[in-house]
Amino acid sequence: MTAPAKIRPEAEPALDEAGFRRFDRMVHALMGKAEGGLSPVSLWLAWADWASHMAMSPGKQAEVGFNAMVRAQKLAAEVQCQLKGGRLDGEACVEPIKSDRRFASPDWLTFPYSLYAQGFLATQAWWQETATGLSGVEKKHEQLVEFYGRQMLDMLSPSNFLATNPALIARTQEEGGQNLVRGWKHMAEDMRHALFHDEEAPAFTPGENVAVTDGKVVFRNRLIELIQYTPVTDKVHPVPLMIVPAWIMKYYILDLTPPESLIGWLVEQGFTVFCISWKNPEENDRDLGFDDYRELGVMAALDAIGKITGAPKVHGLGYCLGGTLLSVAAAAMARDGDDRLASLTMLAAQVDFTEAGELSLFTNEDQLALLEDMMWQEGFLDKSAMAGTFSMLKSKDLVWSKMVHDYMLGERDAASALGAWSQDATRMPYKMHSEYLRHLFLNNDLADGRMEAGGAHVMLRDVRCPVFAVATENDHIAPWHSVFKLTWLMGGEVSFALVSGGHNTGIVAPPGSPRAKYRLLTHVHGQPHPGPEDWAGAVEKVAGSWWGAWGEWLRAKGGGEEITPPALGKSLGAAPGRYVLGR
């Protein structure tokens, strides 16, 4: 009997592992688009962790029930007190939480609206107590459960509904319902724009009514345009200033309308100013990575500034993630013996991401894998994905309060330069976005000394030039406690300014801003480091904009006599250039 023929190894079917992986990525990309870029698995894991520990914690369950009973009894006593028109224990029956502007109106102190408001606030406080403090739950899982629960509660706030909001009822009665008619029109307009992507012409256009500081594009490569601004003073500071904005938004946050333009103010103060304008990446830019942004962005701009001005030193300014990128470049330059940086200014910029606020809740392995597969398919992350995440972080103000204002009160806010800029977002290339999320937000490689640039490790301690760091009190993107860590992570003198306002409004606070305040710390290397809260509690606020204090600091760093303004470089076109107009 003839033995069966053996199949030769080369005849065996080969497994196309790359093909299987591509199929997975295609499925994940479709899922990510359908889910708005948020991973349901991440939320499920957090909920399972929290719920399982709650199920085996009878003490916590009893505490949760007791807290609910105490709050219900207090609410009932307040309602009875108000129905009788009296006061409770010498105090007003209902005291609104002052930090919640939704219930700031005195109308919320009258029955039955006080019951709605106080019942909601009591539920919100109860949920915060319930979701947190459960032994054994991963910290990030606890924060995620509390965050999503708060999102659901904010959606159900009595301020969001016509029948339970006294201001809406009064307006509807006063106008005979015309406010609701206008609101329906506003909603229809917004839905049309969202469905058909037929955006209206922006009220603010770079080069027309924003980004109008006079200047020229003096350098261009595949990633940046470098703008040099025309001097307006007879003499200028001898050290030029290079601005590195975040690549996830357009640079003109620092060059809004003339009263709000930091760039315009700097030119008027006698500084020679250069600013990077990042290209809005396209599909063929998918393989541009973090180090490409350092080389083609920061380092290319430094080289160009040196050739144009002949100055041996340059002040560097980085805003938000542009500051993080600039700090990596500065550390690499220090490692390589490149001493061209006279100083660093970091505006709302982090280098340690262990306390990066609620944005870090969306940075875990599962979430990043989903985003990477979405970007792998398109070559970039579309601006709408990031816009949705930022809106969720401040949904109370950016979603629900806006809904009430636009669709129920029937009002539209007048267009503002800052508001127009916030809608003019950019895409993010696949490789770059993946690298900075993993190296910075997920692994904290920069602060921990694992970050590489140019093929070798970089250490923030190597940066010896003076640093001026600005943090804002109400920053939900770069919390000030996180920015404060610059005072001990850098190797030289650090001046730290804590200013009023949020991530953008605190930075765009020109002299004359009525509510602008700041506190200032100068820490010299080798001195003891104060704790952030201890320092903030011991320092008086100074009324006014931080711009003036920073301008004096810049003049002191670099020294030397003022000089005749250097000639503009060879013009490649008028500011604001081409890249900022990319949609």
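User: Taking buried as under 20% relative accessible area, exposed as over 50% and partly exposed as in between (1.4 Å probe, protein chains only), which one is Met152?

Analyst: Met152 is partly exposed, because its relative accessible area is 49%. Before we go on: this is a predicted model, where local features need pLDDT of at least 70, side-chain atom pairs count only at pLDDT 80 or more, and totals for chains, interfaces and linings use all residues. Residues are numbered from 1 along each chain as its sequence is written, and side-chain values use heavy atoms, with hydrogens and water left out.

User: Thanks! Where is Met152 found?

Analyst: In helix H5, residues 139-155. Helices (H or I, at least four residues) and strands (E, at least two) are DSSP runs, numbered from the N terminus.

User: Zooming out, how many helices and strands are in the protein chain?

Analyst: The protein chain has 19 helices and 14 strands. Of its 583 residues, 49% count as buried.

User: In what order do the strands of the open sheet come?

Analyst: The order is S1-S2-S4-S3-S5-S6-S11-S12-S13-S14, 10 strands with mixed pairing. Strands S1 (215-220) and S14 (542-543) stand at the edges with a single partner each, so one side of each is left without a neighbour in the sheet. Two strands pair if DSSP finds at least two bridges between them.

User: What about S12, in what sense does S12 pair with S11 and with S13?

Analyst: S12 pairs with S11 in the parallel sense over six bridges, with Val467 opposite Val494. With S13 (residues 517-523) the sense is antiparallel, again over six bridges, and Ser495 has Thr522 as its bridge partner.

User: Which residues of S12 are buried on each side?

Analyst: Val494, Phe496 and Leu498 are buried on one side, and Ser495, Ala497 and Val499 on the other. In a regular strand, side chains alternate between the two faces of the sheet.

User: Over in S11, is Thr472 buried or exposed?

Analyst: Thr472, in S11 (residues 467-472), is buried, because its relative accessible area is 0%. A polar atom of the Thr472 side chain lies 3.2 Å from the backbone oxygen of Gly502. Beyond four places in sequence, Thr472 is in contact (heavy atoms within 4.5 Å) with residues including Trp480, Leu498 and His503.

User: Last one: which side chain makes a polar contact with Thr172?

Analyst: The Asn179 side chain, at 3.2 Å. A polar contact is a pair of N or O atoms within 3.5 Å; within protein, one must be able to donate a hydrogen and the other to accept it, and residues adjacent in sequence count only if both atoms are side-chain atoms. Thr172 is in helix H6 (residues 166-175) and counts as buried because its relative accessibility is 17%. Met408, 236 residues away in sequence, is 8.6 Å from Thr172, C-alpha to C-alpha.
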